[in-house]
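Me: Could you go through this model with me? I'll jump between topics as things come up.

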Amino acid sequence: MFKSLSTLSKRLVSITAVTTVTLGLGFAIAPNASAASGRVIGWGSDRFGTGKLTIPNEAQTGVTAIAAGNSFSLALKDDGSVIAWGNDTGSGEPLDPPVAAQSGVTDISVQPTGTGAPFAMALKNNGKVIAWGPTGGFPPDASPLNVPTEAQSGVTAIEAGANTAFAIKDGEVIGWGFNRFGQATIPSAAKSGVIATAIGSEHALALKDTGEVIGWGGNRSGEINIPPAAKSGVTAIAAGHFFSLALKDDGSVIVWGNTYGGIIDPPPAAQQSGVTAIDAGYTYAIALKDDGSVIGWGSIYQSSPEPPSAAKSGVT
């Protein structure tokens with residue numbers, strides 16, 4: 001989901017102030033402004049029949065934030081409760097939110113890319129992080145479900161990645177879970193002044209309050225080789241399968257890393273100006289324009305990244 005200075009607090013306010021579109025494995029979901037109370041729409045592929053694109057009635061009104069995972073989706077309601085649909089394709093079991101996620105939730109995140117077992121996170125209004133998912137999908141000593149003590153209070157933002165989890169507390173990134181590529185080993189530069197994070201398949205990004213992007217972890221395709229244009233003036237970040245995105249304060253989008261599926265070149269409409277939010281999927285990306293339209297590019301796992309007509313206007 002989108003992480004930026006302007007959107008870290010977006011989930012605390014009404015749907016009219018929310019700017020969010022989110023990608024999972026082969027699909028996307030977005031709230032549509034045509035329903036003033038926050039209606040969710042979805043598109044893309046559901047080749048395994050998980051039901052992740054079958055939007056439940058509860059997500060037709062009152063939604064303030066959304067998150068899309070490998071095989072399931074989450075929505076945060078304006079009463080602070082979390083609803084889920086779809087399932088874990090490995091076990092076929094639904095990823096129902098725990099009791100603790102039924103009230104007082106201010107932020108949600110799910111493992112969005114094509115690697116790792118599915119899991120979800122929620123941030124409570126007391127700054128506590130909770131996580132859930134199939135316990136058999138992770139090694140006991142490196143599970144993102146084992147929220148560390150320091151993430152039990154004072155957290156202001158969360159990020160779920162490929163078996164890896166992040167929390168931001170007092171500007172410092174706290175990481176836990178899978179660490180094969182060093183993505184959960186937080187560098188000194190990410191221990192202060194951080195306002196947003198993003199986790200890719202093997203790498204991680206952080207956005208500093210100075211507008212600079214920093215990266216660490218795996219670097220198969222140059223995904224943590226931060227280009228000069230992403231070292232200042234950045235307002236949002238996203239990470240996919242060996243690639244990274246940044247949104248500049250002039251509304252333009254920067255992409256670097258993996259060139260698979262044409263992901264490295266944003267379409268002209270996204271590259272020029274007017275983008276207000278970005279997100280990355282496995283090998284595709286999406287952007288929200290200031291006119292309420294959604295644009296997508298790259299590969300989208302047996303489906304076109306082109307959003308449907310319902311996402312061509314009025315998306316908030």
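Me: How many helices and strands does the protein chain have?
Reply: The protein chain has 1 helix and 22 strands, where helices (H or I, at least four residues) and strands (E, at least two) are DSSP runs numbered from the N terminus. This is a predicted model, in which local features need pLDDT of at least 70 and side-chain atom pairs count only at pLDDT 80 or more, while totals for chains, interfaces and linings use all residues. Residues are numbered from 1 along each chain as its sequence is written, and side-chain values use heavy atoms, with hydrogens and water left out.

Me: What share of the residues is buried?
Reply: Of the 316 residues in the protein chain, 61% are buried, with buried meaning under 20% relative accessible area, exposed over 50% and partly exposed in between (1.4 Å probe, protein chains only).

Me: Which residues have the most contacts inside the largest nonpolar core?
Reply: They are Phe119, Met121, Val129, Ala151, Val155 and Trp176, in a core of 17 residues; such a core is a set of buried Ala, Val, Leu, Ile, Met, Phe, Trp, Tyr and Cys residues joined through side-chain atoms within 4.5 Å.

Me: And which element gives the most to this core?
Reply: E11 does, with 3 residues. Strand E11 (155–160) is one of the elements that give two or more residues, and strand E9 (120–124) and strand E13 (172–177) are also among them. Another core, of 16 residues, lies apart from it and includes Ala236, Phe243, Leu247 and Ile263.

Me: Back to E11, what is the phi of Asn163, in the loop between E11 and E12?
Reply: Phi of Asn163 is near 65°, a positive value in a residue other than glycine, and Asn163 counts as buried because its relative accessible area is 12%. Phe242 also has a phi near 65°, and this residue is found in the loop between strand E17 (234–239) and strand E18 (243–248).

Me: Is Phe242 buried or exposed?
Reply: Phe242 is buried, with a relative accessible area of 11%.

Me: New topic: which side chain does Ser201 make a polar contact with?
Reply: The side chain of Ser201 makes a polar contact with that of His241 at 2.7 Å, a polar contact being a pair of N or O atoms within 3.5 Å; within protein, one must be able to donate a hydrogen and the other to accept it, and residues adjacent in sequence count only if both atoms are side-chain atoms. Ser201 sits in the loop between strand E14 (194–199) and strand E15 (203–208), and counts as buried because its relative accessibility is 6%.
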